[in-house]
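Have a look at the sequence and the model first, and then read on.

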Amino acid sequence: MENGTYGNKVNMLIDSPKNCGSISTDELKELEADLFIHTYGSEEIGEKVTLQWAIDSSDDAILLARFTHFGNPAGIAANDMAALLCRNKTVDKAAEITYKGLEYFLRDNPSTPALPEEESYVITLALDAIKEASKAYYQAEEKTEAERTLPCQDSPMSIAAIKETIKLHDLQSIDAVTHYTKAGLYDTACIAPDRLHEMRTHYLSDILKETREEIEEEKRAKMAPLDTPFREMDTAQKIVAINQVIDESIRQFLIMDGGDMEILDIKENGAQIDVYIRYLGACSGCASSSTGTLFAIESTLKEKIDDQIRVLPI
Amino acid sequence: MKVYLDNNHATLLDTQVTDAMQPLYTAHYADPQAMHAEGAESRRLHDQAYEKIRASLHATEADTLIIGADTDALHSQLLLAFYMHTIMTGQKNHLILSAHESDAAYQTAAYIASQGCHVSILPLTSDGIVDIALLQQTITAKTALVSVTMADAQSGAIIPIDEVSQICKAYNVPLYTDASHLVGKLPIDVQLLDIDYLTLSTRTMHGPGGTALLFVKAGQTLPNLMQPNHDHAGLVGLGKALELAVDAQAFEMEDVRELRDKLEEAVREIPEHLIITPWALRTANTLLVGFKEVQSETLLWELSKRGIYGSTEQGRHIVTEIGADPAYRHTLIGFALSRYTTEEEIDYTIEKLRDAIDFIRTQRTH
C-alpha cells in the first residue's frame with residue numbers, strides 16, 4: 001500500500017486514473033444515454049465505490065463508466081482498469097469480467113503479479129462492485145440471506161460472494177480468504193468465536209469449512225470420467241476432459257475479448273488426435289484465430305492432455 | 001524534503017546511544033558474568049546501565065530489572081507466567097486488560113480465555129481513555145493481574161495510572177503497566193505510583209529496538225518463567241536512551257509540544273475532522289486524527305508521495321470504542337513527532353496535508 005510496493009502500471013493508474021469522477025449531463029446528452037449509479041460498500045466498512053454508468057437503454061450497453069473511491073488506494077487502479085473494460089459491454093457482460101482478466105491488465109509484464117498477494121482483495125472488490133451493480137440494474141430477484149449478509153465489519157462482501165471467491169481461487173486458509181476478500185483483516189472477531197468478543201452470527205472459519213466441503217464434493221463429481229487415461233475415453237468423455245482444460249486455462253481470455261470456442265468432434269488419426277473446434281463471437285474472423293490463439297490452445301492441450309493433439313478450427 | 005512522523009512506532013537512534021553501544025560490539029563484548037578482566041569491564045558497563053535505569057524510574061536496589069525481548073513479548077510472557085502460576089493453580093480466575101494494550105497481549109489473553117479463564121477487556125470512554133470506573137466494578141480479589149499501559153501508543157492518551165494503581169492496591173491485585181510511550185514525556189516514579197510490573201522499550205525514544213526492560217517490584221513473587229536475554233549492547237543502549245529521554249523531558253514537553261500544537265491547530269481548521277483524545281489528556285508529541293471521506297491508506301499514500309511519513313491505525317477500532325461517527329472508522333492517521341522534528345518540517349507537513357486532503361476529497365471520493 002505504499003508507493004514502493006506496486007509496479008509502474010498500478011502506480012500510474014493510482015496517480016492518474018482516467019475514469020475517476022462522475023458523468024456530466026452534457027456527456028449523457030452527447031451519448032444519448034441514461035445514467036445509472038450504484039454504490040458498493042461504505043465508509044464505515046472501509047471500502048466504498050460509487051459506479052456511474054452511461055447506458056444505452058436500447059441494448060443495455062455501458063457507453064461510459066466512471067467511479068469514485070474510498071479505500072485501499074490500489075483500488076483506484078483496479079477500478080480504473082475495470083471501468084475501461086466495462087466500456088461497450090452490456091451490463092451483464094461487464095459482470096462477467098474475470099479476476100484473471102482484470103489482474104492481467106494491471107501487470108507490468110506477463111510474469112509479475114500486479115499486486116502483492118495480501119492485496120488481492122483490491123481486484124475482487126472492484127469486480128464484486130460491478131456484479132452488485134449489474135444485479136441492481138436488472139432488478140434481480142430477492143437476495144438470499146447469504147447474498148444479503150456481510151459477515152465482516154471491514155469487508156463489503158456478502159457470504160455468497162466470499163464463498164464464490166473461495167471456490168474461484170481454491171482458497172485453503174483463513175489468511176488466503178482475508179487476502180482475497182479483506183474479511184478478517186481488521187475485524188478479527190469475525191474469523192472464529194473467542195471468549196474476548198461477543199458472539200457473531202456468522203464466522204469465516206465456518207464459511208471456509210463449508211465451502212471447502214462443497215469444493216471437494218464438486219471435485220468428486222467431476223473426477224469420474226477422468227480416472228481413465230485419455231486415449232481410453234470415449235469421444236464424449238474426451239470432450240469433457242478437453243473442455244475442463246480449456247475452462248481452466250484458455251476460455252476466460254477468449255471471453256474477455258468477446259469470443260469463445262466450442263469442440264465439435266475428436267477423431268483419432270493414427271497416433272495423432274485431431275480436435276475439431278469452432279470459434280464463436282469475436283474469435284471467428286479474428287486474425288489470431290489461426291495463429292497466436294490457435295497456438296495457445298494447441299500447446300495447452302498438448303501439455304496438459306496428450307502431446308499428439310492437433311487442433312483444427314472449422 | 002522527507003518528514004518522518006511515525007515516531008510512535010520506530011525512531012532514529014540517537015548518535016550518543018550508538019556511541020555508547022559501539023564498544024559493546026567491538027571491544028567490551030565479553031560476558032559480564034565471566035571471571036576474567038574482560039568480563040569485569042563488560043560488567044562495569046552493564047552495572048552502569050542498570051544504574052541509569054534505576055535512577056530514571058526511581059527504582060530501588062531491591063527491585064529486579066530484567067532485560068528481555070521487546071515489550072509485546074514481555075507482556076505476553078508475563079500474562080502466561082501469571083496464568084501458569086496463579087490461575088492454573090486455582091488461586092485466581094480472572095485477568096483484566098485495558099483496550100489500550102497491544103495485539104500480542106490480546107492474542108495471549110484470548111488463548112488464556114480459551115482455557116477457561118475469565119478475561120475482561122476494559123473499554124474506552126469517549127475521551128479515548130480506559131474507563132476507570134469500570135475497572136473499579138470489574139476487579140475482584142480473584143483477579144490475577146491488571147494490565148493498563150501508561151500512555152496509548154497510537155492516540156497518545158495519558159492514562160491516570162495513579163488511580164489505576166490505587167484501585168489495584170485496594171484489592172491486592174498486581175498491576176502491570178508499560179511506560180514506553182510516557183518515558184521522556186512525563187516523569188515516571190515507580191515508587192510513588194507503587195507499580196508492581198513495568199516494561200519499557202526505548203525503541204520509540206531513540207534507543208535500540210528488540211530489547212526492553214522488565215521491572216519487578218521488590219517482594220513480587222515472579223516465578224522463574226521470565227528469563228533475561230543476553231543483549232548487553234541493547235541494555236547499554238536502553239540505559240543511555242532512557243537517560244537522554246529523561247534529560248530531554250522539558251524540551252519534549254515544551255518545544256516538541258509547540259510544534260505538535262502548530263500542526264494540530266492547522267488540522268482543526270480542516271473541515272470534518274475527528275481528533276482522538278482531547279489535547280489536555282494527550283502526550284506532547286502525538287496527534288491521531290481522522291478526516292471524513294479520506295481513507296487512511298489513501299491519505300498515507302498521498303503524503304508518502306510528498307515525502308511525509310505518518311501512520312495508519314486501521315487495526316484498532318478506536319472510533320467505535322469511543323462512540324464517534326462510524327464514517328471515521330477507516331480514516332485515522334497518526335502523527336508522532338520526535339525531538340528531532342523541525343518547524344520547517346511541520347510547516348511543510350501542514351501545507352502538504354491540506355493539499356492531499358483537498359485532492360482526495362475533490363478528485364477521489366467525489
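A:N88 is partly exposed, since 14 other C-beta atoms lie within 10 Å; a residue is buried with 20 or more other C-beta atoms within 10 Å of its own, exposed with 12 or fewer, and partly exposed in between, the C-beta atoms being placed from the backbone. You will find A:N88 in the loop between α3 (74-86) and α4 (91-94) of chain A. Its phi is near 65°, a positive value in a residue other than glycine. Most residues other than glycine have a negative phi.

B:H206 sits in the loop between β7 (197-201) and β8 (212-216) of chain B and counts as buried, with 25 C-beta neighbours inside 10 Å.

## About the model

This is a predicted model, in which local features need pLDDT of at least 70 and side-chain atom pairs count only at pLDDT 80 or more, while totals for chains, interfaces and linings use all residues. Residues are numbered from 1 along each chain as its sequence is written, and chains are lettered from A and ligands numbered from 1 in the order in which they are written.

## Chain A as a whole

Chain A has 13 helices and six strands; these are DSSP runs numbered from the N terminus, helices being H or I with at least four residues and strands E with at least two. Its radius of gyration is 22 Å, close to the 20 Å that the globule rule gives for 314 residues, so chain A is as compact as a globular protein of that length. The radius is taken over C-alpha atoms, and the rule is 2.2 Å times the number of residues to the power 0.38. Of the 314 residues of chain A, 38% count as buried.

## A helix pair in chain B

Helices α9 (residues 249-268) and α12 (residues 343-363) of chain B pack at an angle of about 10°, with their axes 10 Å apart. Axes are lines fitted to C-alpha atoms, for helices over the stretch in contact, and angles run from 0 to 180 degrees between N-to-C directions. α9(B) and α12(B) are therefore roughly parallel to each other; angles under 35 degrees count as roughly parallel, over 145 as roughly antiparallel, 65 to 115 as roughly perpendicular and the rest as oblique.

## Where the chains meet

The contact takes 18 residues from chain A and 24 residues from chain B, with contact meaning C-beta atoms, placed from the backbone, within 7 Å. Strand β3 (residues 61-70) gives the most to chain A's side, with three residues.

Note on methods. Two residues are in contact if their C-beta atoms, placed from the backbone, lie within 7 Å.
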